[in-house]
Amino acid sequence: MAIPIEQLAEEMYQMVVEYHGKKNLKASDLTKAMIAKYGEDQVSKEDCKQAIRQLIDSGRCVYSYLGGSYITLPKKDSAAPE
Amino acid sequence: MATEATKRLTDIGPPHYEKFLPPIIKRNYGKWLYHERLAPGVMCHVAESGEKLYTVRAGSPRLLSVHTIRKIADLADKYCNGYVRFTSRNNIEFLLEDPSKIEDLKKDLQALGFPVGGTNNAISNVVHTQGWVHCHSAATDASGLVKSVMDALYERFTHEDLPAKLRLAVACCLNMCGAVHCSDIAILGVHRRPPRILHDLLPKVCEIPTVVASCPTGAIRARTVDGKQTVEVIEQQCMYCGNCYTVCPAMPLNNPQTDGVSIWVGGKVSNARSKPRFSKLAIPYLPNNPPRWPEVVEAVVKIVDVYAKHARKYERMGEWIDRIGWPRFFELTGIPFTRYHIDDFKHAGLTYNRSTHLKF
Amino acid sequence: MADEKISTPLLDELEKGPWPSFVREIKSAAQTSPMARDLLGQLELSYEEKVGHWKHGGIVGVRGYGGGVIGRYSDVPEKFPNVAHFHTLRVNQPAGWFYTSQALRTLCDIWERHGSGLTNMHGSTGDIIFLGTKTDELEPTFSELTQAGFDLGGSGSDMRTPSACVGPARCEWACYDTLKLCYDITMEYQDELHRPAFPYKFKIKCAGCPNDCVASIARADLSIIGIWKDDIQQDDEAVAEYVANGLDIQADVVERCPTRCMQWDGKKLTINNRDCVRCMHCINVMPKALRPGKERGAVLLLGAKAPIIQGAILSSVLIPFVPEEELFDTVKELLSRVWEFWDEYGMNRERVGELIQRVGMANFLDAIGLDPVPEMVSHPRDNPYVFYKVDEEQSEQ
C-alpha cells in the first residue's frame with residue numbers, strides 16, 4: 001500500500017516544525033526519513049518529491065539558503081532590515 | 001477562463017535559441033568550413049555554401065545598465081538585422097553579412113566607448129565576480145580592479161601582438177565564483193585573518209554542528225560564551241577560506257586593514273598543446289588600494305610585459321614558464337619568492353622539486 | 001532626498017581611462033533608479049572604507065522555486081534605504097547567448113519597471129543577472145519574465161543553469177550541437193534546476209571542441225567536450241597556401257605538437273593520427289587546412305570545481321567517447337546514476353568531485369556501474385596499497 005502524497009507532505013511538515021530552530025533539513029533529509037519510516041515498497045523518492053513540491057507550492061514551507069538549500073517554515077530573513 | 005491569460009507559469013525554461021539565430025546562421029548551421037582573422041576583433045567565418053559571416057567583437061564592462069543594453073540593441077538593428085550575441089567572456093558580438101558595414105559599426109562602437117578586439121593573441125575581456133558591488137564575502141572589488149587593470153592593458157585588447165592568448169580573471173575571494181583558477185593571470189581577493197565571531201548573533205542565525213562541520217581544517221569548535229551556545233576558532237588552523245561565513249553570517253571575515261589581493265599565473269583551460277592546468281601563486285599579497293589599485297596594476301602589467309618580451313610564439317604563460325623554469329620567472333619579473341609560495345595544503349609534496357633538474 | 005546628488009569622488013576616478021566603465025553604467029541607471037543611486041553611494045562607502053557592505057539572506061525567492069534568487073541586504077540600510085533589500089535574479093540565458101534586439105528590450109523594460117536597471121551580461125555561470133531589487137518585486141518580475149518567455153536559472157543546492165559555447169551556430173570545430181544539448185538538458189531537468197534537492201550545486205557545460213571556450217573542464221561538475229575519433233581532415237592545397245603566406249609550419253605547427261605526431265618534408269604535411277591527442281593546436285593555427293575528423297561526438301568528464309571546500313579540482317575523463325547521436329541519452333543515464341549515488345552518500349556542501357576523492361574513483365565506478373578504462377587516468381597508481389577484493393577472487397577460483 002503506497003502512502004498518500006498528502007500524508008507524506010503532512011508528516012514532512014511536522015518534521016520541519018519539530019526541527020525548526022534546531023536543525024536545518026534538506027529535501028534529502030525529509031525523503032530519507034519517510035523512506036526509513038515506511039520502507040521503499042510504500043514510499044518512493046518520486047512520491048517524496050511530489051510531497052515536497054506540495055509543501056512548497058502551498059506556501060506551508062519555503063526553501064532557504066545558507067551555504068546549502070534547506071526546507072524551512074516561512075519566516076523573515078534574519079539578515080533583512082527591521 | 002478569464003484568468004487563462006495571466007495564469008502563473010513555471011518551469012518553462014529559457015526561450016529556444018533558434019528564435020534568436022540570424023537567418024544566415026540558420027542557413028549554415030553546423031556547416032561552417034573555416035574562419036579567417038581580418039583584424040583585431042574582426043573574424044570572417046566561411047560556410048560550405050560559400051556564404052560569409054563577419055563578426056565584430058567588442059569588450060563590455062559586464063555590468064550594464066538597461067539604457068546601455070538598449071543602445072546595443074539599436075546597433076544590432078542598424079547593422080545586424082536585430083541580432084546580437086554575447087561571449088563567455090563578457091564580450092558583445094555583432095554578426096554581419098555585409099563587410100562594407102564593419103568600419104561604420106566600429107566607429108559607432110568607439111563612440112559608445114566599447115573597444116573592438118579581444119580575439120586571437122590579444123587579451124580577451126576579463127571574467128570576474130561581483131566584488132563590493134553585490135557580494136557579502138568580497139575581500140576586494142572586482143569591477144574596480146578590472147577597470148584599473150584593463151585601462152593599463154587597453155592596447156593589449158585592441159592589438160593581437162602577444163605570443164599567444166592571454167586570459168585574465170578576477171575573483172574577489174577564495175570562493176572563486178568566476179573559477180579564475182585556470183587563467184594565465186588570476187587576480188584573487190584574499191582575507192588574511194580568521195573570522196570575527198558575533199557571539200550575540202550566532203546562536204540566533206547559525207546551526208552550530210553545521211558551522212563546526214563546515215571547516216575544512218577542523219578549526220572550529222563548539223563553545224559556551226557568557227552562557228550562550230556559540231563557537232570558537234583555533235586561529236593557527238584557519239586558512240581564511242570563508243566557508244564558515246557562507247553557512248553562518250555571524251562569522252564575518254571582512255577586514256579593511258588586512259584584506260587584499262593575490263596574483264596567480266600560468267593556468268589554462270584549453271587543451272591546445274599542453275593540458276589544462278591551475279594557475280600558480282606569483283604574488284601572495286598586495287594591498288587593497290582603491291579606487292585604482294596601483295600596486296596590482298603595476299604587477300600585472302609587469303608580468304604581461306615580461307611574458308610578451310620573452311615567450312615564444314604560441315607559448316601561453318604557463319607553457320613559457322615550463323620552458324624557462326620558475327626561478328627564471330621570479331628573476332625576470334623581479335617578484336620575490338617567499339615561504340608563502342610553497343604549498344602546505346593537501347598533496348603539497350607533489351609540488352616539491354624531486355629531481356636535480358635545475359637551471360643556473 | 002531622492003534627488004540629492006551623491007558625491008562619489010573615488011568612483012569618479014573609475015570613469016576615466018579608455019576601458020568601458022562600470023561606474024558610468026551605475027550612474028546611467030541612477031538617472032532613473034533610486035536603487036542604482038543608493039548602490040552608487042554604498043559602493044563609494046566601500047571604496048572609502050575598503051570593505052563590503054552586503055549581508056547574505058536566504059529566504060527570498062519566487063513561489064515554488066528554491067533557486068534563481070540570491071538574497072542580499074545592505075548592512076547600512078539607514079544610509080542607503082533604497083538598497084536595504086537588493087536581491088539578484090538569475091535569468092536563464094538562451095543557449096549560446098544569442099538575442100534579438102527585441103528580446104533585449106523586453107528584458108530591459110521588465111527590469112526597469114521592477115528593479116535597479118542594472119544587469120550583468122552575463123554572470124559567471126552564464127545567466128542573465130538582474131542586479132538588485134526588493135523582496136516585493138520578485139514575484140511581479142518573475143511573472144513578467146515568464147509571460148515574455150523567460151524563466152529563472154539555478155542557485156543553491158540545485159542543478160545550475162547549463163551553458164554552451166557558440167557551437168555549430170558559428171564554429172567549424174563544433175564536434176556536436178552544443179546549443180541543442182544545452183537546451184535539451186535544461187528543459188529535461190527544470191525540476192532539478194528550480195527545486196534544490198542535491199547535497200550542493202551541480203554545473204553542466206557544453207563545449208564543442210577541446211579548446212573549451214566555456215571553461216567546462218575547470219568549472220563544470222559534468223564537462224561535455226566535443227571530440228572526434230577518426231583522422232584530422234586535411235587539405236594539402238590549403239596547407240601549401242598557409243606556408244606560401246609565411247607560416248613557419250615546422251616551428252609553429254610541427255614542433256608545437258605535444259605528441260610530435262606530424263612531419264613536414266618541405267612540401268607535404270604528414271600526420272600520424274594514431275599518436276594525435278586532439279589538442280587542437282595545429283587546427284587552431286591552420287583552420288582552413290585542417291579540420292576535426294568526421295566521426296564526431298564528445299568526451300564526458302566529471303568533477304570540476306573551484307577551491308571551496310576541499311581544494312580546486314579539474315574534471316577527469318569518465319567516458320572517452322560518445323557518438324553525437326547517443327549523447328543526450330548517455331548524459332541522462334549517467335546523470336541519473338551519478339545523482340543517485342551523490343544523493344545517497346554526498347555530505348552537505350560536498351561536490352561530486354570531492355565525493356569521488358573521498359570514496360575513491362574505483363568505488364565510485366562500481367557504484368555507477370561503469371567499467372574502468374585506461375583513458376580515465378594519466379597513469380596507473382604508483383603506490384602498492386591496493387584494497388584487494390579477496391572474496392571476488394576466491395569466488396572466481
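Contact here means heavy atoms within 4.5 Å. By that rule, 120 residues of chain B are in contact with 118 residues of chain C. Before we go further, please note that this is a predicted model, in which local features need pLDDT of at least 70, side-chain atom pairs count only at pLDDT 80 or more, and totals for chains, interfaces and linings use all residues. Residues are numbered from 1 along each chain as its sequence is written, chains are lettered from A and ligands numbered from 1 in the order in which they are written, and side-chain values use heavy atoms, with hydrogens and water left out.

Let us stay with chains B and C. The area buried between them (the accessible area, with a 1.4 Å probe, that two parts lose on being put together, summed over both) is about 10,300 Å². Carbon and sulfur atoms give 59% of that area. Nine salt bridges are found across this interface, a salt bridge being a side-chain nitrogen of Lys or Arg within 4 Å of a carboxyl oxygen of Asp or Glu. One of the salt bridges pairs Arg70(B) with Glu112(C), whose closest N and O atoms are 2.7 Å apart. Helix α2 of chain B, residues 66–80, provides nine residues, the largest share of the side of chain B that touches chain C. Helices (H or I, at least four residues) and strands (E, at least two) are DSSP runs, numbered from the N terminus. That side of chain B divides into 58 nonpolar, 39 polar and 23 charged residues. In this sorting, Ala, Val, Leu, Ile, Met, Phe, Trp, Tyr, Cys and Pro count as nonpolar, Asp, Glu, Lys and Arg as charged, and the others, Gly among them, as polar.

Strands also meet across this boundary. Look for Leu63(B), whose bridge partner in β5(C) is Asn120(C).

Now turn to chain A. Nine of its residues are in contact with eight residues of chain B, and the area buried between these two chains is about 570 Å², with 50% from carbon and sulfur atoms. The interface of chain A and chain B has one salt bridge: Arg53(A) pairs with Asp11(B), the closest N and O atoms being 3.6 Å apart.

Inside chain B, Ser279(B) sits in the loop between β12 (260–265) and β13 (280–287). Ser279(B) counts as buried because its relative accessibility is 9%, where buried means under 20% relative accessible area, exposed over 50% and partly exposed in between (1.4 Å probe, protein chains only). Leaving aside neighbours within four places in sequence, Ser279(B) has contacts including His181(B), Cys182(B) and Trp264(B).

A few backbone details are worth a visit. The peptide bond from Pro290(B) to Pro291(B) is cis, with omega near 5°, and Pro291(B) lies in the loop between β13 and α9 (294–310) of chain B. In chain C, a cis peptide bond joins Ile308(C) and Ile309(C), with omega about 15°. Asn90(B), in the loop between β5 (83–86) and β6 (91–96) of chain B, has a positive phi near 65°. Arg349(C) also has a phi near 65°, and this residue is buried, with a relative accessible area of 2%.

Note on methods
Two strands pair if DSSP finds at least two bridges between them.
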